[in-house]
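The following questions and answers concern how terms are applied to a protein structure. Please keep the model in view while reading.

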Amino acid sequence: MSRIEARLKELGIELPAAPAPAANYVPYVLTGAQLFVSGQVSAGPDGLITGKLGAGLSAEEGAAAARRCGLSLIAQAKAAVGDLDRIKRVVKLVGFVNSTPEFGDQPKVVNGCSDLMVDVFGDAGRHARSAVSAASLPFGVAVEIEAIFEVE
C-alpha cells in the first residue's frame, strides 16, 4: 500500500470512482511533470450537490461540497498516474462557487477542498489558489474545482 493510500485509509476516506467527462473534453492531461485535472463538480454518494451559496446553502455546506470536489480531483489524479505517491505536490486549485452577488465567503467554501489536500498530502498539499463566485455552474452544482498537480 502506498504512503498516500495509507493516509487515506487512516483518515477514513474512500475515493469515489473518477467521474467521466460530461461533455467534449478529457478528465485530465498529463504533460511532462504537470497533471491538469478538469473541473470536478460537487457530487456525493446520492448524486449532485446543487444550490446557491447565500440563497439556501451555508458556507459550511459549501465547504462540504468543495471537499467532495477534492475527492474527485484526487480520484482523477489516481486514474492519471496510478500511484498517488507520484504526486509531488498540489500546485494550484481554482474554485468556482455558485453564489449570490452578496455572498462573500468563497474562500471559506473552497477551504473544504484546500483542507482536504493538506490532510491527504501534508505540506505537499499546500497550494496556490483562486476562489471566485459564479452566477451559475453546470447542472446547478454548488461548487466546481480544477487542479494542477506536479508529478514524478
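Predicted model: local features only at pLDDT ≥ 70, side-chain atom pairs only at ≥ 80, totals over all residues.

Q: Why is Cys69 called buried?
A: The term buried requires under 20% relative accessible area. Cys69 has 0% relative accessibility, so Cys69 counts as buried.

Q: How do you know whether Cys69 is in a disulfide or in none?
A: A search of the whole structure finds zero disulfides. For Cys69, the nearest cysteine sulfur is that of Cys113, 6.7 Å away. A disulfide requires two cysteine sulfur atoms within 2.5 Å, and Cys69 is therefore in no disulfide.

Q: What can be said of Cys113, with regard to both its closest cysteine sulfur and its accessibility?
A: The closest cysteine sulfur to that of Cys113 lies in Cys69, at 6.7 Å, which is too far for a bond. Cys113 has 0% relative accessibility and therefore counts as buried.

Q: Which residues does Ile145 contact, leaving aside its neighbours within four places in sequence?
A: Both cysteines discussed above, Cys69 and Cys113, are among them. The others include Ser38, Gly39, Gln40, Ala66, Leu73, Leu93, Val94, Gly95 and Val110. To be in contact, residues must have heavy atoms within 4.5 Å.

Q: What makes up the largest nonpolar core, and where do its residues come from?
A: This core has 36 residues, and those with the most contacts inside it are Leu35, Ile87, Phe121, Ile145 and Phe149. At least two residues each are supplied by α1 (3-10), β2 (34-41), α2 (59-81), β7 (87-98), α3 (106-121) and β9 (143-151). The largest share, 10 residues, comes from α2.

Q: Why is Leu71 called buried, and what does Leu71 touch?
A: Leu71 is found in helix α2. Its relative accessibility is 5%, and the limit for buried is under 20%, so Leu71 counts as buried. Not counting residues up to four places away in sequence, Leu71 touches Ile13, Leu15, Pro16 and Leu116.

Q: Is Ala77 buried or exposed, and how do you know?
A: Ala77 also has its place in helix α2. Its relative accessible area is 0%; since buried means under 20%, Ala77 is buried. Beyond residues up to four places away in sequence, Ala77 touches Leu35, Gly82, Leu84, Ile87 and Phe149. Ala77 and Arg3 are 74 residues apart in sequence, and their C-alpha atoms are 15 Å apart in space.

Q: Why is Phe139 called exposed?
A: The term exposed requires over 50% relative accessible area. Phe139 has 57%, so Phe139 is exposed. Phe139 is placed in the loop between β8 (128-134) and β9. Its phi is positive, about 60°, although Phe139 is not a glycine.

Q: What lines the largest pocket, and how do the lining residues divide by type?
A: The largest pocket has a volume of about 390 Å³. It is lined by 21 residues, of which Pro19, Ala20, Gln40, Val41 and Leu48 are the closest to its centre. The lining divides into 14 nonpolar, five polar and two charged residues. At least two lining residues each come from β2, β3 (43-44) and α2.

Terms used:
Residues numbered from 1 in each chain as written. Heavy atoms only, no water. Core = buried A, V, L, I, M, F, W, Y, C linked by side-chain atoms within 4.5 Å. Buried < 20%, exposed > 50% of the residue type's maximum accessible area, 1.4 Å probe, protein only. Helix = DSSP H or I, 4+ residues; strand = E, 2+ residues; numbered from the N terminus. 1 Å grid on protein atoms, 1.4 Å probe; cavity = no way out; pocket = protein on both sides within 12 Å on 5 of 7 lines; lining within 4 Å. Points joined across faces, edges and corners; volume = space filled by probe spheres on them. Nonpolar A, V, L, I, M, F, W, Y, C, P; charged D, E, K, R; others polar.
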